[in-house]
Amino acid sequence: MNLVVVAQCQDQQVYEHDLRLLRPGQWLNDNIISFFIESIALDTSVVFLSPSISSFISHQLDPEDEDYADECMNFFQGAMPQILNPTKSEINLVIPINSSFSDSHAAFMQPGSGTHWSLLHLKVSVSSTTTTIHHVHYDSSPSNFNLSTATNLLSTLSSCLKAAYKHKSITSSISLSPLPPFTSSGPMKQTDGYSCGWFTIFFARAV
């Protein structure tokens, strides 16, 4: 396949063969979603966590690994170093969620294994005593198809942060707290089997 780059925002690239997915009735891939959300984040204070990084967290970070704490430290230092600073700070984070994140590692490695996109929105408040992860999950599926996947990723991120704090001798405790969703005058649920990616982009723009 001829990988011709037709658009780029930061590290996110869209290739010529991705453009067919912009036609009506197509399911968006991670290249398209990452490009749009990175473009949104570029003009705001939002931190964007790409699907590839989220999948790495879901499938590659193993608490039983002897290097787990180091890997967690490296992840946060690269993605959001301010979360490791014990002084007060706020982090606004958006994470596209793919249903493949909850698959077994073998199933996850199969190309095209995911069937649905949604968005996990986190507002992280960091202080010297407490780090609170406020969270809300936006899912255009009427059945909230990706809820368990988003919940598992949130738990994994929390555990990873605890390991990084312990490794860096940061005493701030970590708590999880639901975040009220934004309100919308338009429809929040899809009525077809393919527009979840566009809804995910809309949710990212709205928060």
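**Close-up views of a predicted model**

Glu64 counts as exposed because its relative accessibility is 71%, where exposed means over 50% relative accessible area, buried under 20% and partly exposed in between (1.4 Å probe, protein chains only). The model is predicted, so that local features need pLDDT of at least 70 and side-chain atom pairs count only at pLDDT 80 or more, while totals for chains, interfaces and linings use all residues. Residues are numbered from 1 along each chain as its sequence is written, and side-chain values use heavy atoms, with hydrogens and water left out.

View 1. Glu64 lies in the loop between helix 2 (51-59) and helix 3 (68-79), helices being DSSP runs (H or I) of at least four residues and strands runs (E) of at least two, numbered from the N terminus.

**View 2. The largest nonpolar core.** Among the 33 residues of this core, Phe76, Ile83, Ile95 and Leu122 touch the most other members; such a core is a set of buried Ala, Val, Leu, Ile, Met, Phe, Trp, Tyr and Cys residues joined through side-chain atoms within 4.5 Å. At least two core residues each are supplied by helix 3, strand 4 (89-98), strand 5 (117-126) and helix 5 (147-167), and helix 5 gives the largest share, nine residues.

**View 3. Tyr68 in helix 3.** Tyr68 is found in helix 3 and, at 10% relative accessibility, counts as buried. Tyr68 and Arg23 are 45 residues apart in sequence, and their C-alpha atoms are 42 Å apart in space.

**View 4. Val6 in strand 1.** Val6 belongs to strand 1 (residues 5-9) and is partly exposed, with a relative accessible area of 41%.
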